[in-house]
Amino acid sequence: MSEKLYTVGKIVNTHGIRGELKIVPETHFPDERFAKASKLVFVHPEQGTQLPVTVEAAREQKNMFIIKFQGFTNINEVEKYKGWLLKVEEQYLSELPEDEYYYHEIIGCTVVTEEGEELGTISEVLSPGANDVWVVTRPAGKPLLLPYIDDVVLNVDVNAKKVTVRLMEGLLDL
């Protein structure tokens, strides 16, 4: 498979005895990603072993998704996939509206202030509620939590992997 793959979830457990899996979503578009007939790929986190799969049915349950994949009918067939990642091929990614980004576009970006001071690198995207929070790993000190709001994030250049921010009072406790 030469396509680039992007993580959309993690298989955390089996569900029931009919081959369903519990997935923790790592995508802003779980309804689209886990829709019936979606083509995804199971990927072993260490070995990189890949298995293309197709969603047969999915439902949301307590911030997780219970997904049945075509071809799996009982718990014994899916047990071994616990801990594997669920990925999507690049060709299935949709064009996003302006000012919206995929996790993989943001993670790894260098964060600089509008004055040009380098703060660190975005290591994680959290979705706690009203707006996303970008976790910036810094060379020293604790991580910086940046709310993804217009007042803070001034410019995102995914091609240059650079995010320009305005630090509001209290964001950076040195």
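In this predicted model, residue E98 sits in the loop that runs between strand β6 (85–89) and helix α3 (103–106). With a relative accessibility of 73%, E98 counts as exposed. Together with D99, E100, D150 and D151, E98 forms a negative surface patch.

A step back shows the whole chain. Its secondary structure comes to 3 helices and 12 strands, and its C-alpha atoms fill a box of roughly 55 × 30 × 30 Å along the principal axes. Of the 174 residues, 38% are buried. The chain exposes about 10,200 Å², with carbon and sulfur atoms supplying 47% of that area. Among contacts between residues at least 6 apart in sequence, 49% join residues at least 24 apart.

Side chains of opposite charge can pair when their charged atoms come close. A search of the whole structure finds 4 salt bridges. One of them joins E20 and R59, whose closest N and O atoms are 2.8 Å apart. Because E20 lies in strand β2 (residues 20–25) and R59 in strand β4 (residues 50–61), this pair ties together parts that are 39 residues apart in sequence. E20 is buried, at 16% relative accessible area, whereas R59 is partly exposed at 37%.

Another salt bridge links E32 and R33, at 3.8 Å from N to O. Here R33 is buried, with 5% relative accessibility, while E32 is partly exposed at 37%. The side chains of K82 and E79 also meet in a salt bridge, at 3.2 Å; K82 is partly exposed at 37%, and E79 is partly exposed at 33%.

Terms used:
Residues numbered from 1 in each chain as written. Predicted model: local features only at pLDDT ≥ 70, side-chain atom pairs only at ≥ 80, totals over all residues. Heavy atoms only, no water. Patch = residues over 30% accessible without salt bridge, like charges linked within 9 Å, V, L, I, M, F, W, Y side chains within 5 Å. Areas by Shrake-Rupley, 256 points an atom, 1.4 Å probe, with all protein chains shown as cover. Lys, Arg positive; Asp, Glu negative; His and termini not counted. Charge placed at Lys NZ, Arg CZ, Asp CG, Glu CD. Helix = DSSP H or I, 4+ residues; strand = E, 2+ residues; numbered from the N terminus. Buried < 20%, exposed > 50% of the residue type's maximum accessible area, 1.4 Å probe, protein only. Contact = heavy atoms within 4.5 Å.
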